[in-house]
Amino acid sequence: MRTFRAAFAGLIAGVMLAACDGKTSTVPDLDVILADRPAATLSAYRLFEDDGTPASGVVPYDLINPLFSDHADKHRLVYVPGEQYASYVADDVFEFPVGSVLIKGFSYPETGLVETRLLIHKPDGWAAYPYVWDEDHSDAEYGPIGARRTIETMDPDGLPLTVNYSVPNQNQCKTCHQTGDDISPIGPKARNLDHVGPNGVAQLADWTDRGILRGVPIAVHAVPSVELAEGDIAGRARAYLDINCAHCHKDGGSASNSGLWLEWTEESAVKLGIRKHPTAAGRGAGQHTFVVAAGAPEDSILIHRMASTEPGVAMPELGRTLIDEAGVAAVRLWIEELENAG
């Protein structure tokens, strides 16, 4: 298999669009996808052509607000096998058929791909497999124990930045993707997909036209983009917390015992942390009393933890080693606005 580094750079630039027009011949190997054990290499699944363009039926997509992962670029693709389809769910992840694969690559401009994660819907539920790219980017190997990489890149302001990148191990994958006793996807919800995607068309309509999604209503309540420069402060902050925090902070999530539930659909002010005492005091709380002190972000545990990189304090505790300054700023503005919300 030829190098994938140029391939995913090409994906960003739109080279893979040819694949979406039926110009590819490779078909994903469903036997490998549904095997009891993960394949040793990413190439074994045949999800990509030799030049890295998506195989037949593998469709690129993106989310209106990507999870912050130390400024890594994300490359998302979905595969739904054969004549099957996912079913629309209003406020949760779509119901994907067995054999579906959600693919997410992480890269930096200076290094190319670092890792690719697969979520595969097996007959007995979803399975999460991390794959780590080798130095020459010829293929990615299954990495159940994770990996660490030191990456020299640039921050959003164009300044030099060193990233101590961590590929999650198998158990860490389960932590973030936990719903009760099961593993489940996070991103593919209507509210995150209702916009023009990397194919240049509206994603929900595109998935419907391709036959990989059914049941989408005429109107979908999408979340706002966190990158909006003005307006809807609460919406932007809630959208940020929904994609970055709610996979753990929800009913059935790994942090559900905190009583802090941050999903977009949550309506309880207390569960959103507003004037809520933490369930357990300690280093994570600092000297603060409330998770969200209305009107006072500097006194809020939420900001204290988001603006930290200290182990045992920083939240999210997995997936980042840097502070997402833009995300902290959005949540800070929301908390300031709460002073006048009663």
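Me: What percentage of the 342 residues in the protein chain is buried?
Reply: In this predicted model, buried residues make up 50% of the 342 residues. The term buried requires a relative accessible area under 20%.

Me: How do you know that the radius of gyration agrees with that of a compact globule?
Reply: For 342 residues, a compact globule would have a radius of gyration near 20 Å; the protein chain has 20 Å, so the two agree. Along the principal axes, the C-alpha atoms fill a box of roughly 60 × 45 × 40 Å.

Me: Which secondary structure elements does the protein chain have, and how many?
Reply: The chain has nine helices and twelve strands. Of its contacts with a separation of 6 or more, 56% are accounted for by residues 24 or more positions apart.

Me: How many aromatic pairs does a search of the whole structure find?
Reply: The search finds ten aromatic pairs.

Me: Why is the pair of Phe94 and Phe96 called tilted?
Reply: The ring centres of Phe94 and Phe96 are 6.4 Å apart, and their planes stand at 50°. A pair requires centres within 6.5 Å, and planes under 30 degrees apart would count as stacked, over 60 as edge-to-face. Phe94 and Phe96 are both buried.

Me: What makes the pair of Phe96 and Trp126 edge-to-face?
Reply: The centres of these rings, of Phe96 and Trp126, are 6.0 Å apart, and the planes stand at 85°. Since edge-to-face calls for planes over 60 degrees apart, the pair is edge-to-face.

Me: Why does the pair of Phe96 and Trp126 tie together parts apart in sequence?
Reply: Phe96 lies in the loop between β3 (86-87) and β4 (101-108), whereas Trp126 lies in strand β6 (residues 125-133), so the pair joins parts that are 30 residues apart in sequence. Phe96 and Trp126 also belong to one aromatic cluster with Tyr61, Tyr88, Phe94 and Trp207.

Me: How do you know that Phe96 is buried?
Reply: Phe96 has a relative accessible area of 6%. The cut-off is under 20%, so Phe96 counts as buried. Beyond its neighbours within four places in sequence, Phe96 is in contact with Val78, Val80, Ala86, Leu102, His121, Trp126, Pro188 and Trp207. From Phe96 to Gln84, twelve residues apart in sequence, the C-alpha distance is 8.8 Å.

Me: Why is Lys122 called buried?
Reply: The relative accessibility of Lys122 is 5%, and the limit is under 20%, so Lys122 counts as buried. Lys122 is found in strand β5 (residues 112-122). Apart from neighbours within four places in sequence, Lys122 is in contact with Val32, Ile33, Leu34, Ala35, Val98, Ala127 and Tyr129. Of these, Ile33 is 89 residues apart from Lys122 in sequence and 8.0 Å apart in space, C-alpha to C-alpha.

Me: What makes His247 count as buried?
Reply: His247 has 7% relative accessibility; with the limit at under 20%, His247 therefore counts as buried. The place of His247 is in the loop between α7 (233-244) and α8 (301-306). Not counting residues up to four places away in sequence, His247 touches Leu67, Cys176, Gln178, Ile186, Asp242 and Gly253.

Conventions
Residues numbered from 1 in each chain as written. Predicted model: local features only at pLDDT ≥ 70, side-chain atom pairs only at ≥ 80, totals over all residues. Heavy atoms only, no water. Helix = DSSP H or I, 4+ residues; strand = E, 2+ residues; numbered from the N terminus. Rg over C-alpha atoms; globule rule 2.2 N^0.38 Å. Buried < 20%, exposed > 50% of the residue type's maximum accessible area, 1.4 Å probe, protein only. Contact = heavy atoms within 4.5 Å.
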